[in-house]
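Let's take a friendly tour of a protein model. Keep the structure open beside you as you read.

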Amino acid sequence: MIFSKKKKDEQPASEPDLVKEEKQDLKLEKEVHNEKLLSVVNVERVFQAGGAPLRVLKGINMELRQNQLVMLRGRSGSGKTTLLNCLGGLDTPTEGEIWFNGRPFHKLSDDKRTLVRRKEMGFIFQAFALMPLLSAKENVELSLRMAGVPRGTWKERVDHCLELVGLEKRMNHRPFELSGGEQQRVAIAKAIAHKPILLLADEPTAELDSNMAAQIMSVFKTIIRTEQVTICMTTHDPTIMEVADHVYEMVDGKFI
């Protein structure tokens with residue numbers, strides 16, 4: 001009787017090898033998660049108020065890393081919305097640097113910043129910013145149109161995004177037919193439709209009750225995982241802090 005031998009390369013990996021491979025995979029995942037997406041270096045923003053300078057941002061330093069949920073927490077007037085506008089290129093710092101995805105965002109022209117925003121950023125506003133005469137589906141389609149996404153891919157992407165936020169059965173409803181929480185979910189679907197790598201949200205839970213706010217934060221965690229997006233949001237709500245990967249506390253234009 002002849003016994004055949006297994007070739008060396010056909011043998012199953014030993015347990016130590018599997019453990020080693022698993023550790024390498026976890027290390028790689030951690031490195032990807034920790035890759036720097038945006039850097040803020042000594043940023044100041046000064047406005048002229050009645051002929052006198054008003055320092056709104058006072059030497060801000062921060063980082064956003066991939067696939068994180070980062071919160072800017074502070075009272076009204078602390079400077080968090082001004083900082084968010086600078087991160088998104090809606091405003092430019094008076095001093096300092098903002099680097100986004102390897103680019104000197106603070107040096108780009110208005111036109112170039114606009115192109116970056118259309119392709120790589122998504123925005124969610126406190127007042128939802130939906131077109132009132134368009135359905136939920138059409139509002140999300142509008143985002144794809146503005147980003148120059150080929151029309152042939154719209155339906156699949158719109159359906160996916162609305163399903164992701166739990167509104168697949170409400171896609172033909174207009175904003176006035178939806179609750180505040182549902183409108184905010186449409187705004188989220190609209191913001192992620194063109195597959196941005198950074199999502200900026202200004203007080204996204206301010207107009208919602210605590211239950212709806214918790215649901216929105218759950219949606220945020222889901223889209224970070226499934227869409228591979230980083231979210232930076234402003235808030236003054238202490239009840240949602242625990243879901244953040246990092247919280248920057250702002251007081252009088254600086255972090256404490």
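## Strands side by side

Two strands count as paired if DSSP finds at least two bridges between them. In this predicted model, strand S1 (residues 36-49) and strand S4 (residues 95-100) pair in the antiparallel sense over five bridges. Look for Val41, which stands opposite Glu97 in S4.

S1 also pairs with strand S2 (residues 52-65), again in the antiparallel sense, over eleven bridges. Here Leu38 has Leu64 in S2 as its bridge partner. Two residues sit between the strands of this hairpin, where Gly50 takes a positive phi near 65°.

In soluble globular proteins, nonpolar side chains tend to be buried together. The largest nonpolar core here has 39 residues, and Phe220 and Ile223 touch the most other members. Elements that each supply at least two residues include helix H7 (210-227) and strand S8 (230-235). Among the residues that Phe220 touches are Leu69, Ile188 and Met233.

There is also a second, separate core of 25 residues, which includes Leu37 and Leu64.

## Salt bridges

How many salt bridges does the structure hold? There are twelve. In one of them, Glu120 meets Arg103, with the closest N and O atoms 2.5 Å apart. Glu120 lies in helix H3 and Arg103 in strand S5, so the pair ties together parts that are 17 residues apart in sequence. Glu120 counts as buried at 15% relative accessibility, whereas Arg103 is partly exposed at 27%.

Another salt bridge joins the side chains of Glu63 and Arg65 (2.9 Å, N to O). Through shared partners, Lys36, Glu63 and Arg65 form one network.

Methods
Residues are numbered from 1 along each chain as its sequence is written. This is a predicted model: local features need pLDDT of at least 70, side-chain atom pairs count only at pLDDT 80 or more; totals for chains, interfaces and linings use all residues. Side-chain values use heavy atoms; hydrogens and water are left out. A nonpolar core is a set of buried Ala, Val, Leu, Ile, Met, Phe, Trp, Tyr and Cys residues joined through side-chain atoms within 4.5 Å. Buried means under 20% relative accessible area, exposed over 50%, partly exposed in between (1.4 Å probe, protein chains only). Helices (H or I, at least four residues) and strands (E, at least two) are DSSP runs, numbered from the N terminus. Contact means heavy atoms within 4.5 Å. A salt bridge is a side-chain nitrogen of Lys or Arg within 4 Å of a carboxyl oxygen of Asp or Glu. Lists of a residue's contacts leave out its neighbours within four places in sequence.
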